[in-house]
Amino acid sequence: MRTRASGRTVGGLRTLSLQAPAVSLLLMWMLVPLVMTLWFSFQRYNLMMPSVSGFAGVDNYYYLLTDPSLWTAMGNTLLLVGWVLVATVVGGTLLAVLLQQEFFGRGVARLFVIAPFFIMPTVSALVWKNMMMHPVNGILAWVAGLFGLPAIDWFASLPLTSIVIIVTWQWLPFAVLILLTAIQSLDDDQVEAARMDGAGPVAIFFYITLPHLKRAISVVVMIEMIFLLTIFAEIFVTTSGGPGLASTNLAYLIYIRALLDFDVGGASAGGVIAIILANIVAFFLVRTVAKNLEN
Amino acid sequence: MSTSTSNSVAAASAAVSASRARRSVINKKLVLTLVAWTIALVMFFPIFWMILTSFKTEAEAIATPPSLFFTPSVEGYIEIQARADYFKYALNSVVISLGATLLALLIAIPSAYSMAFLPTKRTQGTLLWMLSTKMLPSVGVLLPVYLIFRDLGLLDSRTGLIIIYMLMNLPIVVWMLYTFFKDIPKDILEAGRMDGASTLQEIFHLLLPLTLPGIASTGLLCVILSWNEAFWSLNLTTSNAAPLTAYIASFSSPEGLFWAKLSAASTLAIAPILIFGWMTQKQMVRGLTFGAVK
Amino acid sequence: MRLPHITKSRRHLLSLASVAALAPLSAQVSAETITVATVNNADMVVMQSLTSEFEKAHPDITLDWVVLEENVLRQRLTTDVATQGGQFDVMTIGTYEVPIWAKHGWLTKLDNLPEDYQVDDLIKPVRDGLSVTEGEKKGLYALPFYGESSMLYYRKDLFEQAGIEMPEQPTWSQVNDWAAKLNSADEGVYGICLRGKPGWGENMAILGTMVNSFGGRWFNEEWEPQLDSPAWSEAINFYVDMMGKYGPPGATSNGFNENLALFSSGKCGMWVDATSAAGKLYNPKESSVADKLGFAPAPIAKTEKGSHWLWSWALAIPESSKSKDAAQTFITWATSQEYVNLVGEREGWASIPPGTRVSTYENQSYKDAAPFAGFVMDAITSADPTDPTLEPVPYVGVQMVTIPEFQSIGTQVGQMIAAALAGQMSVEQALSSAQRSTERTMRQSGY
């Protein structure tokens, strides 16, 4: 009893000293800019107008929350995250099952599939913009021409879809990597037994493979969500949020405020709203996924 | 006789069906090969095309129909090297991503250790909070960070970027390490403690060797993420500490015919990390499952 | 007897050699490094490639380059200059930023330029655009690297085929008719290329001049936005309609550089854009239409006023620079007549940075190599930023409004018009939401 009790206090102390570096650093990382952001969000502060300053009250929030572009941006953020998640999870699962099969040159094919994950977002956006989706010089326009179809002007007529395609291309390999590893740990005997019982490949996929992948899929969803909520480079390089606001997400909207308008007050208010959103997401979704992982 | 006949018939039919089965296995394998390779090539095509374009002349680069066969030229590479010294940027990228990764691991290991072996009520909450820090768009805090960096003299320094990347990746690193550490049976550490090992000894002599694959894959992921980060590197560096993402930024807008030059710069920027990723993918995969696969 | 002598003289030689070897080394040690931030436009890339020439002439100064795309550069420089970050010694900025930044006290006034710089040789409207013209801060704050107006480029061969004669002063409705005749999608030639990429310095530059010429203005004298006026509607409808019918696909992502690539690869019949493109279009190494290139003044509609813009890229020294003298040595070199000559001799006379000095336009080698020279000079000198519109306005600037809010306004309006061009909304919807967002911005900053 006694040792246990003392162990606990020692443990508490040890917990503190061990966690201190990471937690305090992250706290600083969160808090110092956060406090400054909060402070700025109540100030009249535009880099281009140094003479205008002073307490702004809730003006910045008022202008932001009544700005119709905020809601468009939030909608786009959700659409972007949602579609990429669906595409990478479904595509990743199918691709993982496929790449798990025996076929010629499997090792090299796998390397090819995972390659996009290593590419800088800026570079992949540039390549897609200038070489794949370019309506005059792009490969896709040329392919469309082969079939006698008119070239699609991707970034003008399907801006958000184009971004989803590019981001999916980047993140699909990540899903494949994780799901492939998970599939490899699937018990062969179980599959064999199911096959003996007359289950077809489709049934095996739905009743054995998919349940087995549940936890791995949770991991994919959680990690990707963290990164997808703040997608920026792909939009910046290709559509600049347009045409209109068609591909402006929350991160890009804040960028417009902060670095095109140089409205630090407004951008900070946007930042505060993004933080609140992030915490709501963290609270609900991440918690659900994390629970799923714990069990 | 009859039994033997029936036996041999059975054997013959078994052989036939076996060979048929083998043939169908081979057919299936061929179909799979075709499908899988088609997908693999489609996935890899943009990268392949970029590398191919980098060896064309500017005129060939925008030719319609796209030319697949041409005399390779390194004109693009020579031209961009004359404009900006690739090796300076590459060295910065290497130093910064390795530095950030090592620092992140150093700080995350004790933290993940305590979460895994000395959990409290707040552990889950702390972990989730750490992850949520990653969802804040960087651009929202650019100005505060810029001001802090200016006052600390960290603008355009490798140290500055190492610190930023370390902080950016810390949540993921802590979380991944936590999932690996959690899988280690407590008894092993208990045994070590009985022998009078201190916490540090415990970590270095027992924990780290056991979880090395996990730590390695965490580090690899961290290197890749740091290498590819393009917002802070562009905004906090000017020239001394500028990594490859800043290098790319100077070739990213078209000036006349620029496809071959852009491709050459892009190829140079991604080549090291692509090769690194390919070489270490087995190692990375082993740990990327976040303890989700048991 | 001779041996020691030789040794001695050799030693002497050695020490001389070592002094000689050390001399440049020690010079390098004490050399001041200045960081130059610039845009990755072709003329600046040439400037960067001449680094060694500068360092040879000024061994005590070393140049460190940061070359970035225009948007990235602008955000980078503004952040730094407004927070006094002190990361740059020379900044490449334009006619829009210079007066605003100078009034904030962010730029160093250039009032002790060396005699041989011949500051009076700078073309007057360009120089005025880089100065604060009244008040206690009156003076010159940046030196022009190149200056430009806008004009109409066309393909002589296609015009001949179609039997069109180019008048002295084309109008927009003529341009529309010609575009219809020249447009031939099968041959991959589009009637007209115009900027469509959203941004105050991209599509709003050409649209600003169109609106001016259609009789519109950004603000009335009470600073009330006029985007819902009939003139705007007429101009934008005209633009969207013409680009939709005879423009290239993907027009909403075409800025100056993209259109330059399109026109020089022979894909456009006409193009209205910066005069600074002329040198590149005339260079057979970079352009397949060098021998078929025609040019005319920028088209007009109701009025000539404000029908062509005025812009220059200039080099300025931020107040936060710690090496102001070295920086000034560099910017006077890079904008000097001597630099123009250097580029002329090394890259060809058509490729020199144009539109900055009167003497350039008097130079026979330039006139011979660049048949457009006098024409460009006229366009630049006739653009009047102080009287840009049919009706009076409270602001200065042809294709822009020189107030800090304009960057944001111009980019938002540009986005809306790009959406209309992409067919995502009607021109009326685009302009009314542009009007509303402009009103918001102006109200927010207390007009």
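Predicted model: local features only at pLDDT ≥ 70, side-chain atom pairs only at ≥ 80, totals over all residues.
**Entry 1: chain C overall**

I began with chain C and counted its secondary structure. The chain has 19 helices and 11 strands. Next I took its radius of gyration, which is 25 Å. The globule rule gives 22 Å for 447 residues, so chain C is as compact as a globular protein of that length. I then fitted a box along the principal axes. The C-alpha atoms of chain C fill roughly 100 × 55 × 35 Å.

I also looked at burial and contact range. Of the 447 residues in chain C, 54% are buried. Among contacts in chain C with a separation of 6 or more, 74% join residues 24 or more positions apart.

**Entry 2: domains of chain C**

I looked up the domain assignment. In chain C, domain 1 covers 29-148 + 310-369, and domain 2 covers 150-309 + 386-444. Their C-alpha centres lie 28 Å apart.

How many residues of domain 1 of chain C are in contact with domain 2 of chain C? I found 13 residues of domain 1, in contact with 12 residues of domain 2. On the domain 1 side, helix H5 (97-103) and strand E6 (143-148) of chain C each supply at least two residues. I sorted that side by class and got 9 nonpolar, 3 polar and 1 charged residues.

**Entry 3: helix H11 of chain C**

I wanted to know where H11(C) sits. All of it counts as buried: 9 of the 9 residues. H11(C) is therefore largely enclosed by the rest of the structure. I listed the buried residues, and they include Phe256(C), Glu258(C), Leu260(C), Leu262(C) and Phe263(C). Asn257(C), Asn259(C) and Ser264(C) are also among them.

What do the buried residues of H11(C) pack against? I found strand E7 (150-155), strand E8 (190-193), strand E9 (268-274) and helix H12 (278-281) of chain C. I checked what follows the helix as well. Gly266(C) comes after H11(C), and its phi is positive, near 80°.

**Entry 4: chain C against chain B**

I moved to the contact between chain C and chain B. It takes 28 residues from chain C and 20 residues from chain B. On the chain C side, helix H2 (42-49), strand E2 (61-68), helix H4 (70-82) and helix H11 (256-264) give two or more residues each. H11(C) turns up again here: it provides the largest share of that side, 5 residues. By class, the chain C side divides into 9 nonpolar, 12 polar and 7 charged residues.

**Entry 5: chain B against chain A**

I then ran the contact between chain B and chain A. Here 73 residues of chain B are in contact with 80 residues of chain A. Several helices of chain B each supply at least two residues to this side, including H1 (2-54), H4 (86-117), H7 (158-182), H9 (199-228) and H12 (259-287). H1(B) gives the most, with 16 residues. I took the classes for the chain B side: 53 nonpolar, 18 polar and 2 charged residues.

**Entry 6: domains of chain B**

I checked how chain B is divided. Domain 1 spans 2-54 and domain 2 spans 79-287. The C-alpha centres of these two domains of chain B lie 42 Å apart. Their contact takes 4 residues from domain 1 and 6 residues from domain 2. The domain 1 side holds 2 nonpolar, 2 polar and no charged residues.

**Entry 7: chain A and its record**

The unreviewed entry lists "transmembrane region" for several stretches, among them 111-127, 139-156 and 163-183 of chain A. I examined two of them in the model. Residues 111-127 of chain A are 65% helix and 0% strand, with end C-alpha atoms 20 Å apart. Residues 139-156 of chain A are 61% helix and 0% strand, with end C-alpha atoms 17 Å apart.

**Entry 8: the nonpolar core**

Last, I searched for the largest nonpolar core. It has 309 residues. Which residues touch the most other members? They are Val176(A), Leu177(B) and Val90(C). H7(B) gives the most to this core, with 17 residues.

How values were computed. Residues numbered from 1 in each chain as written. Chains lettered and ligands numbered in written order. Contact = placed C-beta atoms within 7 Å. Helix = DSSP H or I, 4+ residues; strand = E, 2+ residues; numbered from the N terminus. Nonpolar A, V, L, I, M, F, W, Y, C, P; charged D, E, K, R; others polar. Domains from an automatic or database assignment. Rg over C-alpha atoms; globule rule 2.2 N^0.38 Å. Buried ≥ 20, exposed ≤ 12 C-beta atoms within 10 Å, placed from the backbone. UniProt positions renumbered as here; feature names shortened; annotations may be inferred. Core = buried A, V, L, I, M, F, W, Y, C linked by C-beta atoms within 7 Å.
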